[in-house]
There are 6 protein chains.
Amino acid sequence: MPIVHIHMLEGRNVDQKRELVRSMTEAVVNSVDAPPERVHIVIHEMKRENFAEAGILNSEA
Amino acid sequence: MPIVHIHMLEGRNVDQKRELVRSMTEAVVNSVDAPPERVHIVIHEMKRENFAEAGILNSEA
Amino acid sequence: MPIVHIHMLEGRNVDQKRELVRSMTEAVVNSVDAPPERVHIVIHEMKRENFAEAGILNSEA
Amino acid sequence: MPIVHIHMLEGRNVDQKRELVRSMTEAVVNSVDAPPERVHIVIHEMKRENFAEAGILNSEA
Amino acid sequence: MPIVHIHMLEGRNVDQKRELVRSMTEAVVNSVDAPPERVHIVIHEMKRENFAEAGILNSEA
Amino acid sequence: MPIVHIHMLEGRNVDQKRELVRSMTEAVVNSVDAPPERVHIVIHEMKRENFAEAGILNSEA
């Protein structure tokens, strides 16, 4: 803990995920004073037809 | 925000998802007075072997 | 199942919550053909200082 | 309710999932006095590149 | 990881929570072969007016 | 979207939360190329008796 869940559209590559978890962990460590080894991050990738805003599927927006 | 996460068995088609997010968004907008463009919905689809009730996997119920 | 988690700012009263769960359940039942007694909804209420958009706390936006 | 979400690396087989939900349900029933038929469990399986600890992807740790 | 989130009605005391996390951790360790120190559990306590089944708030059921 | 949920122990002040959401948003924007106004963050604060590691409540660790 802290435990972070991030939900985003699928399609990012491993380089982007590597940088995402590195920089998010740094952000958490520096702002709320948690040791880095306690920061856990789960990435949830979503298909565009599984996300909606304003009642419209992202795949149709 | 509001942010809605719905977890359901896989197998629904895009027509069902389109109607799901349209009608859920309408329900949220009308009941708690949020503007439609603020309502975000994430659909999480689950395999039947990843859901259990009463200690029994749905795939074996 | 389906299981719905909705995250919204605190401050809604019980009348609004009653209508929220009634109408969201109806939306789910009608769109994805789930029996009403299987629809579970969890409401998560958030303080304004616990929600952010574009990097700004809602309490300061 | 209670509603349990468990996030774990992919790769477990159905036998392991069957035992997981059986024993977790028993644990919940015995400790917080909930009837078994009310306990719902959702298993979220993650790819190793979608989980990080200490800022490092599990696939690279 | 595994990371477990459990959502349940408020009102359980610390003795019940202690037994809940002890026995759930044991269930996870024994069924999916994860080391105990990797099992993280987050308990989310809900007011009865924040949980609904079949479109009815638990506080009114 | 992206939508971020962070679960952490209660006790951080508003200055820490402000910096947390500012720097996490920046991390997401820079790593996965999302526009800042699409990044939503929800902070879930937990009591120490509602978090466990290795089967032990944080309040008793």
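A salt bridge here is a side-chain nitrogen of Lys or Arg within 4 Å of a carboxyl oxygen of Asp or Glu. The model is predicted, so local features need pLDDT of at least 70 and side-chain atom pairs count only at pLDDT 80 or more, while totals for chains, interfaces and linings use all residues. Residues are numbered from 1 along each chain as its sequence is written, chains are lettered from A and ligands numbered from 1 in the order in which they are written, and side-chain values use heavy atoms, with hydrogens and water left out.

**Stop 1: chains A and F**

Select F:Arg38 and A:Glu53. Their side chains form a salt bridge, 2.5 Å from N to O. Between chain A and chain F there are two salt bridges. Seven residue pairs of these two chains are in polar contact, with both residues at pLDDT 80 or more. A polar contact is a pair of N or O atoms within 3.5 Å; within protein, one must be able to donate a hydrogen and the other to accept it, and residues adjacent in sequence count only if both atoms are side-chain atoms.

Which element of chain A gives the most to the side that touches chain F? Select helix 1 of chain A, which supplies nine residues. Helices (H or I, at least four residues) and strands (E, at least two) are DSSP runs, numbered from the N terminus.

Now show the whole contact, counted as heavy atoms within 4.5 Å. It takes in 25 residues of chain A and 25 of chain F. About 2,200 Å² is buried between the two chains, 66% of it on carbon and sulfur atoms. On the chain A side, A:Met1, A:Ser31 and A:Val32 lose the most area, together 25% of what that side buries. Buried area is the accessible area (1.4 Å probe) that two parts lose on being put together, summed over both.

**Stop 2: the paired strands**

Select strand 1 of chain A and strand 1 (residues 3–9) of chain F. They run antiparallel and are joined by five bridges; strands pair if DSSP finds at least two bridges between them. Within this pairing, A:His5 has F:His5 as its bridge partner.

**Stop 3**

**Stop 4**

Select chains B and E, which are not in contact; their nearest C-alpha atoms are 12 Å apart.
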